[in-house]
Amino acid sequence: MIEEFSCAKDTDVETFLKEQAIRYERDGLSRTYLYITSENDDPAIAAFFSVAITSTEFPGVTKSRKAKILGGKPGRDTKDHFGGILVAQLGRSDAFAQGDINGHEMIEDAEYVIERGCYYLGGKVVYLDCREPLIGFYEQNGYALVKPELYPSGYFKMFKSLHKL
Ligand SMILES: CC(C)(COP(=O)(O)OP(=O)(O)OC[C@H]1O[C@@H](n2cnc3c(N)ncnc32)[C@H](O)[C@@H]1OP(=O)(O)O)[C@@H](O)C(=O)NCCC(=O)NCCS
């Protein structure tokens with residue numbers, strides 16, 4: 001089934017599922033959740049998302065922005081990194097349409113998993129890395145940019161506070 005998954009809009013998403021997801025699962029580095037359909041008894045992966053524990057750095061992020069991300073507790077605005085949960089991957093197969101499964105539903109499902117995990121383990125902030133064309137999509141789903149500039153990774157970093165889930 002994994003071999004048939006394709007995601008031309010972001011081949012990193014496809015490569016992650018095909019080449020890394022299972023290894024990361026075994027190594028405890030992330031958890032991947034699949035949307036599997038079985039029309040005509042022919043199972044296929046319609047979409048997936050992966051979540052992971054993370055620590056995010058704040059290069060060049062202003063003190064006031066850090067206070068907004070991490071909360072106003074004294075000393076928070078001096079931190080140069082902070083733990084949280086990463087929505088590491090999220091993508092729909094090219095063989096499926098928005099009517100089958102849309103991005104908003106996938107984010108809601110990812111946040112459901114994250115909320116449950118953080119209820120037992122703690123955690124305050126959800127992060128994700130994205131390319132410029134998807135900033136608006138994530139903003140519509142309640143995420144905000146950590147800073148307006150790209151991170152050294154070449155992605156924009158976005159966040160959402162857990163209390164907003
Ligand atoms: C992200 C995703 C799940 C959102 O699904 P959705 O809510 O059903 O919305 P759509 O697929 O219609 O995407 C919304 C818009 O973003 C665009 N878009 C989506 N992924 C894109 C990408 N990787 N690069 C550039 N544009 C992208 C779509 O073409 C669409 O543009 P339009 O409104 O002009 O038609 C889905 O688009 C997807 O699987 N994208 C490919 C994988 C991906 O980019 N994952 C995110 C990595 S940060």
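User: Does Ala21 count as buried or exposed?

Analyst: A residue is buried with 20 or more other C-beta atoms within 10 Å of its own, exposed with 12 or fewer, and partly exposed in between, the C-beta atoms being placed from the backbone. Ala21 has 21 C-beta neighbours inside 10 Å, so it counts as buried.

User: Before we go on, what kind of model is this?

Analyst: Residues are numbered from 1 along each chain, as its sequence is written. Local features need pLDDT of at least 70, side-chain atom pairs count only at pLDDT 80 or more, and totals for chains, interfaces and linings use all residues, since the model is predicted.

User: Which residues is Ala21 in contact with, leaving aside its neighbours within four places in sequence?

Analyst: Ala21 lies in helix α1; helices (H or I, at least four residues) and strands (E, at least two) are DSSP runs numbered from the N terminus. Contact means C-beta atoms, placed from the backbone, within 7 Å. With neighbours up to four places away left aside, the partners of Ala21 are Phe16, Thr32 and Ser50.

User: How far apart are the C-alpha atoms of Ala47 and Cys7?

Analyst: Ala47 belongs to strand β2, and it counts as buried because it has 24 C-beta neighbours inside 10 Å. Beyond four places in sequence, its contacts include Tyr35, Gly91 and Phe96. Ala47 and Cys7 are 40 residues apart in sequence, yet their C-alpha separation is 9.4 Å.

User: Which residues does Val113 touch, not counting those up to four places away in sequence?

Analyst: Val113 sits in helix α3 and is partly exposed, because 15 other C-beta atoms lie within 10 Å. Its C-alpha atom is 9.5 Å from that of Tyr33, 80 residues away along the chain. Outside its sequence neighbourhood, Val113 touches Tyr33 and Val51.

User: What is the order of the strands in the open sheet?

Analyst: Strands pair when DSSP finds at least two bridges between them. The open sheet has six strands and mixed pairing. Its edge strands, β1 and β5 (144–145), each pair on one side only. The order is β1-β2-β3-β4-β6-β5.

User: Which residue in β4 stands opposite Ile85?

Analyst: β3 pairs with β2 in the antiparallel sense over eleven bridges, where Ser55 stands opposite Gly83. With β4, β3 pairs in the parallel sense over three bridges. In β4, the residue facing Ile85 is Val126.

User: What handedness does the β-α-β unit have?

Analyst: A crossover is right-handed if, with the strands pointing away from the viewer, the path from the first strand over the helix to the second runs clockwise. β3, α3 and β4 make up this unit, and it is right-handed.

User: Which residue in the turn between β1 and β2 has a positive phi?

Analyst: β1 (residues 31–37) and β2 pair in the antiparallel sense over seven bridges, with Tyr35 and Ala47 as bridge partners. The two strands form a hairpin with six residues between them. The residue with a positive phi, about 50 degrees, is Asn40.

User: Which residues touch the most other members of the largest nonpolar core?

Analyst: In soluble globular proteins, nonpolar side chains tend to be buried together. A nonpolar core here joins buried Ala, Val, Leu, Ile, Met, Phe, Trp, Tyr and Cys residues through C-beta atoms within 7 Å. Among the 32 residues of the largest one, those touching the most other members are Val51, Val87, Ala110, Met158 and Phe159. Elements that each supply at least two residues of this core include α1 (11–27), β2 (44–57) and β6 (156–161).

User: Which residue in β6 is the bridge partner of Leu128?

Analyst: β4 and β6 pair in the antiparallel sense over six bridges. Leu128 in β4 also stands opposite Val87. In β6, the bridge partner of Leu128 is Met158.

User: Which residues come nearest to the ligand?

Analyst: A residue is near a molecule if its C-beta atom, placed from the backbone, lies within 6 Å of it. β3 (81–92) and α3 (103–121) each supply at least two residues of the shell around the ligand. Of the 17 residues there, the nearest are Asp10, Gly91, Asn102, Gly103 and Pro133.

Key: Contact = placed C-beta atoms within 7 Å.
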